[in-house]
Amino acid sequence: MILMLLGPPGAGKGTQSQQISEKLGIPQLSTGDMLRAAVKAETPVGLKAKQVMASGGLVSDEIVIGIIADRISEADCSKGFILDGFPRTLAQADALDKLLKSKGRKIDCVIELKVDDGKLVDRIENRARETLAAGGTVRADDNAEALKTRLMAYYRETAPIIGYYFAHGLLKSIDGMAPIAEVSQQIDEILNKYQVA
């Protein structure tokens with residue numbers, strides 16, 4: 001199963017992706033992690049990325065697609081994978097479709113975690129307070145102002161792909177504001193329809 005979770009920053013995609021990964025035994029592929037691993041392994045695409053990053057530039061879609069192409073060719077992706085943080089734009093969604101088609105694969109399901117932006121800001125601020133109270137370290141971007149900036153970028157660049165996947169008949173929307181266990185249950189109900197006996 002090839003699965004994608006969509007939703008704005010703080011919607012809980014990472015938490016849900018980890019749980020799905022454990023349940024289905026398929027890897028969660030984070031573009032950031034894959035990029036760092038490719039650079040460290042000094043793969044041909046990793047070396048290109050390293051050059052761009054060293055000069056302070058943004059890694060191109062072509063390089064990111066190359067890294068994803070290398071990663072999904074690995075044995076642990078043979079039964080499927082969960083995409084985390086990619087695609088972020090319509091151009092990337094189109095490039096991903098072409099890549100998967102060239103490998104005889106396709107996305108099975110795209111799950112959108114729908115959230116209320118105002119409550120999302122409250123959720124992030126509460127998470128930061130709880131982390132500090134527990135003696136943990138708060139991510140630099142776990143504050144209301146940073147979240148608002150990230151939300152604006154999400155709606156400008158990434159939200160249009162929701163319509164793209166809806167038009168392809170792949171989109172399933174769930175209530176991302178529900179408690180974590182309820183969100184997991186909603187996702188399980190969707191995924192159960194895709195399980196092959």
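**Pockets and strands**

Tutor: Keeping in mind that this is a predicted model, I would begin with the second largest pocket, where α2 supplies the largest share of the lining, 5 residues.

Student: How big is the volume of that second largest pocket?

Tutor: The volume of the second largest pocket comes to about 220 Å³, and of the 13 residues that line it, Met34, Ala37, Ala38, Arg71 and Glu74 are the closest to its centre. The elements giving two or more residues to this lining are β2, α2 and α4, and by class the lining has 6 nonpolar, 3 polar and 4 charged residues.

Student: And the largest pocket, which residues lie nearest its centre?

Tutor: The largest pocket holds about 1,300 Å³ of space, and among its 42 lining residues Lys13, Asp84, Gly85, Arg88 and Arg150 lie nearest the centre.

Student: Which element gives the most to that lining?

Tutor: That is α7, with 5 residues in the lining of the largest pocket, while the lining by class has 19 nonpolar, 14 polar and 9 charged residues.

Student: Switching to strands, what does β3 pair with?

Tutor: Strand β1 (residues 2–6) pairs with β3 in the parallel sense over 3 bridges, with Ile2 opposite Phe81. Strand β2 (residues 28–30) also runs parallel to β3 and is joined to it by 3 bridges, with Gln28 standing opposite Ile82.

How values were computed. Residues are numbered from 1 along each chain as its sequence is written. This is a predicted model: local features need pLDDT of at least 70, side-chain atom pairs count only at pLDDT 80 or more; totals for chains, interfaces and linings use all residues. Side-chain values use heavy atoms; hydrogens and water are left out. Two strands pair if DSSP finds at least two bridges between them. Helices (H or I, at least four residues) and strands (E, at least two) are DSSP runs, numbered from the N terminus. On a 1 Å grid over the protein atoms alone, a cavity is a set of points where a 1.4 Å probe fits but cannot get out, and a pocket is an open set with protein on both sides within 12 Å along at least five of seven lines; lining residues have an atom within 4 Å of a point. Grid points are joined across faces, edges and corners, and a volume is the space filled by probe spheres set on the points. Ala, Val, Leu, Ile, Met, Phe, Trp, Tyr, Cys and Pro count as nonpolar, Asp, Glu, Lys and Arg as charged, and the others, Gly among them, as polar.
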